[in-house]
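Hi,

Here is the structure I promised to pass on to you. Please open it alongside this note, and take your time with it.

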Amino acid sequence: MERQAMAEVVVGRIVRPHGLRGELVVEVRTDDPEARFQPGVEYATKNGPLKAVTVRWHQGRPMVGFEGVPGRTEAELLRGVLLSVDVDEDDLADDEFRDDDLEGLKVVEADGAEVGTVARVEHGAGHETLVVRRPGTHPARIPFVAEMVTEIDFEAEVITVDLPPGLLEL
């Protein structure tokens, strides 16, 4: 499976409004926040594009003012929205992946036992979670962390995991 030339990656999640002028506190989900959060950057969201007009840093988090978000009332509607940007595939770090790259891959344990197929990737506060469809039972929710996801082989379309006992029974 070949990767596409451009990738849409999640770089942040809007946490809450700050003040009355429409500024929003953003939880950073990128290893290069200074580059990703600049005035003029346009983010893809489920609600359509959002363009940053102002960015200032407070307590290690960006507070962003977006075009078309003049006050707190409009800002409240954006709580929880994920902010994504398009990046060149060649610029992705080894541990950055697009959701589309992972969806549909087979998940197996280190001993080769099949777990299921990645149905979707959920973006949570601390890390992403792979939601894995399993035949005849409930979906598995596997934290997308290095301790559990040990290898991703795009050519073979397989993700190898090392799961703690009992995780699949949750």
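Below is what turned up in the strands, the cores and the salt bridges.

First, some ground rules: this is a predicted model, so local features need pLDDT of at least 70 and side-chain atom pairs count only at pLDDT 80 or more, while totals for chains, interfaces and linings use all residues. Residues are numbered from 1 along each chain as its sequence is written, and side-chain values use heavy atoms, with hydrogens and water left out.

Let's start with strand β7, residues 106-109. Helices (H or I, at least four residues) and strands (E, at least two) are DSSP runs, numbered from the N terminus, and two strands pair if DSSP finds at least two bridges between them. On one side, β7 runs antiparallel to β8 (residues 114-123), joined by three bridges. These two strands make a hairpin with four residues between them, and G112 in the turn has a positive phi of about 95°. With β12 (residues 158-161), β7 runs parallel, through four bridges. V107 shows both pairings: its bridge partner in β8 is G116, and in β12 it stands opposite I159.

Next, the cores. A nonpolar core is a set of buried Ala, Val, Leu, Ile, Met, Phe, Trp, Tyr and Cys residues joined through side-chain atoms within 4.5 Å; buried means under 20% relative accessible area, exposed over 50%, and partly exposed in between (1.4 Å probe, protein chains only). The largest one has 20 residues, and I14, F37, Y43, F66 and L83 have the most contacts inside it. Two or more residues each come from β1 (6-18), β2 (23-28), β4 (50-58), β5 (61-66) and β6 (82-88). Apart from it lies another core, of 19 residues, including V107, L130, I142 and L168.

Finally, there are six salt bridges, counting a side-chain nitrogen of Lys or Arg within 4 Å of a carboxyl oxygen of Asp or Glu. One of them joins R13 and E27 at 3.3 Å, N to O. R13 lies in β1 and E27 in β2, so this pair ties together parts that are 14 residues apart in sequence. E27 is buried, at 13% relative accessibility.

R120 and E122 form another, with their closest N and O atoms 3.0 Å apart. Elsewhere, salt bridges that share partners link R72, E76 and R79 into one network. Within it, R72 and E76 come to 3.6 Å between their closest N and O atoms; they are four residues apart in helix α2 (residues 72-76), about one helical turn.

Enjoy exploring!

Best wishes
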